[in-house]
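Look at the sequence and the 3D structure shown here. The report that follows goes through the pockets, the cavities, the core and the charged pairs in turn.

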Amino acid sequence: MEEMPLVLFTVLSQMAVGAAVTLALLDAFGGKVEQAAGVFVAQGIAVTAGISLLTSLAHLGHPFEAYRALSHLANSWLSREVALFGLFMALTIVYWRQWQRGDAREKTGLLTAAAGVLAVAASGMVYVLPAQPAWNNISPVLFFSLTAIVLGPLFVAVLLQRKQQVLGKTSFSIVARGLLCGAASFWLYASLLLGQGEAAAVIGGNIVHSGAFWGRLLLGWAAPLGIMAYAASKPEWDIRSKIMPLFVLTIIGELLGRALFYGAAVALTVAGL
């Protein structure tokens, strides 16, 4: 699949942003993350952000000329995406170093989170194009944001568990709401495509008739929601043994969903690179 570098870049970068937002909020307002755990989580975020950026270069014909994307900041969402993710990457490293040194870092964490949110929005806007009817709406920004909302806290939960800390129930409830919103909005999106003009209807048909769609439905939405519903039904909330399966199922679902996003539409070349 030619779009696989973009699939990996968008999903991993959005997961890193969601994790940065989660850690920053926990650090600034929760105050319950121990320093050793915080260092480990911040490192994981920085490494993931770096891997996502390196992965994005695989999509370019001339990776060493990626800097040229910065030459159109005034009128190109692609240039803004590159600049904002570059800023996010730099801030994650600073935030990680501040955790290591035990410095005051709340402002840096919130600034890192803000840069990440703007980067995800810019990334979504890259695909809002009149030439592509399936994308010329709010759906790219919505789906990219939901990926960050869902995967970010789960990634932090996995990393915290490695340091014998457990993410609070509130964070998992946010994940559950993000999954429900994602499932509902995706069904609505596909239904609207099927009811529109010929080109949009073809894309909608490609989506709902794809095997990846059913994998997305079962692995990415139904199974994670079922696991969390089961945990919530018990007299005492205990999600520790289910964190890794939740994360694995959800990230598989997000990768399948992103593959559908790119693969179900007609071939598209984003101008600029």
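## The second largest pocket

Helix H1 gives the most to the lining of the second largest pocket, with seven residues. The structure is a predicted model, and in it this pocket has a volume of about 490 Å³. Its lining counts 24 residues, and the closest to the pocket centre are Val21, Thr22, Leu25, Pro153 and Ser171.

Four helices each supply at least two residues of this lining: H1, H4 (106-125), H5 and H6. H1 itself covers residues 4-30, while H5 spans 139-162 and H6 spans 169-194.

## Overall fold and confidence

The chain has nine helices and zero strands. Read along the sequence, the pattern is therefore α-α-α-α-α-α-α-α-α. Of the 273 residues in the chain, 49% are buried. Among contacts with a separation of 6 or more, 75% are between residues 24 or more positions apart.

The average pLDDT of the chain is 88, and 90% of the residues score at least 70. Two stretches have a pLDDT under 50: residues 61-65 and residues 266-273. Beyond four places in sequence, the model has two contacts for residues 61-65 and 13 contacts for residues 266-273.

## The nonpolar core

The largest nonpolar core has 73 residues. Those with the most contacts inside this core are Leu23, Ile45, Phe88, Tyr127, Phe172, Ile207 and Tyr262. Helix H1 gives the most to the core, with 12 residues. H1 is also the helix that gives the most to the lining of the second largest pocket.

Which residues lie closest to the centre of the largest cavity? The structure holds three cavities of 30 Å³ or more, and about 160 Å³ of space lies in the largest cavity. This cavity is lined by 15 residues, and the closest to its centre are Phe143, Thr147, Arg216, Glu254 and Arg258.

H5, H6, H8 and H9 each supply at least two residues of the lining of the largest cavity. H5 gives the most to this lining, with five residues.

## Salt bridges

A search of the whole structure finds four salt bridges. One of them joins the side chains of Arg216 and Glu254, at 3.1 Å from N to O. The pair links distant parts of the chain, with Arg216 in helix H8 (residues 211-233) and Glu254 in helix H9 (residues 243-263), 38 residues apart. Arg216 and Glu254 are both buried.

Another salt bridge is formed by Asp103 and Arg101, with the closest N and O atoms 2.8 Å apart. Asp103 counts as partly exposed because its relative accessible area is 30%, and Arg101 counts as partly exposed because its value is 48%. For this label, the relative accessible area has to lie between the 20% limit for buried and the 50% limit for exposed.

The side chains of Asp238 and Arg240 also meet in a salt bridge, at 3.0 Å from N to O. With a relative accessible area of 34%, Asp238 is partly exposed. Arg240 is partly exposed too, with a relative accessible area of 48%.

## The loop between H5 and H6

Are Gln164 and Gln165 buried or exposed? Gln164 is found in the loop between H5 and H6, and Gln165 lies in that loop as well. Gln164 has a relative accessibility of 70%, so this residue counts as exposed. Gln165 has a relative accessibility of 12%, so this residue counts as buried.

Gln164 has a positive phi of about 60 degrees although it is not a glycine. Leaving aside neighbours within four places in sequence, Gln165 is in contact with Lys32, Val33, Glu34, Ala37 and Leu160.

How values were computed: Residues are numbered from 1 along each chain as its sequence is written. This is a predicted model: local features need pLDDT of at least 70, side-chain atom pairs count only at pLDDT 80 or more; totals for chains, interfaces and linings use all residues. Side-chain values use heavy atoms; hydrogens and water are left out. A nonpolar core is a set of buried Ala, Val, Leu, Ile, Met, Phe, Trp, Tyr and Cys residues joined through side-chain atoms within 4.5 Å. Buried means under 20% relative accessible area, exposed over 50%, partly exposed in between (1.4 Å probe, protein chains only). Contact means heavy atoms within 4.5 Å. pLDDT is the predictor's confidence in each residue, from 0 to 100. On a 1 Å grid over the protein atoms alone, a cavity is a set of points where a 1.4 Å probe fits but cannot get out, and a pocket is an open set with protein on both sides within 12 Å along at least five of seven lines; lining residues have an atom within 4 Å of a point. Grid points are joined across faces, edges and corners, and a volume is the space filled by probe spheres set on the points.
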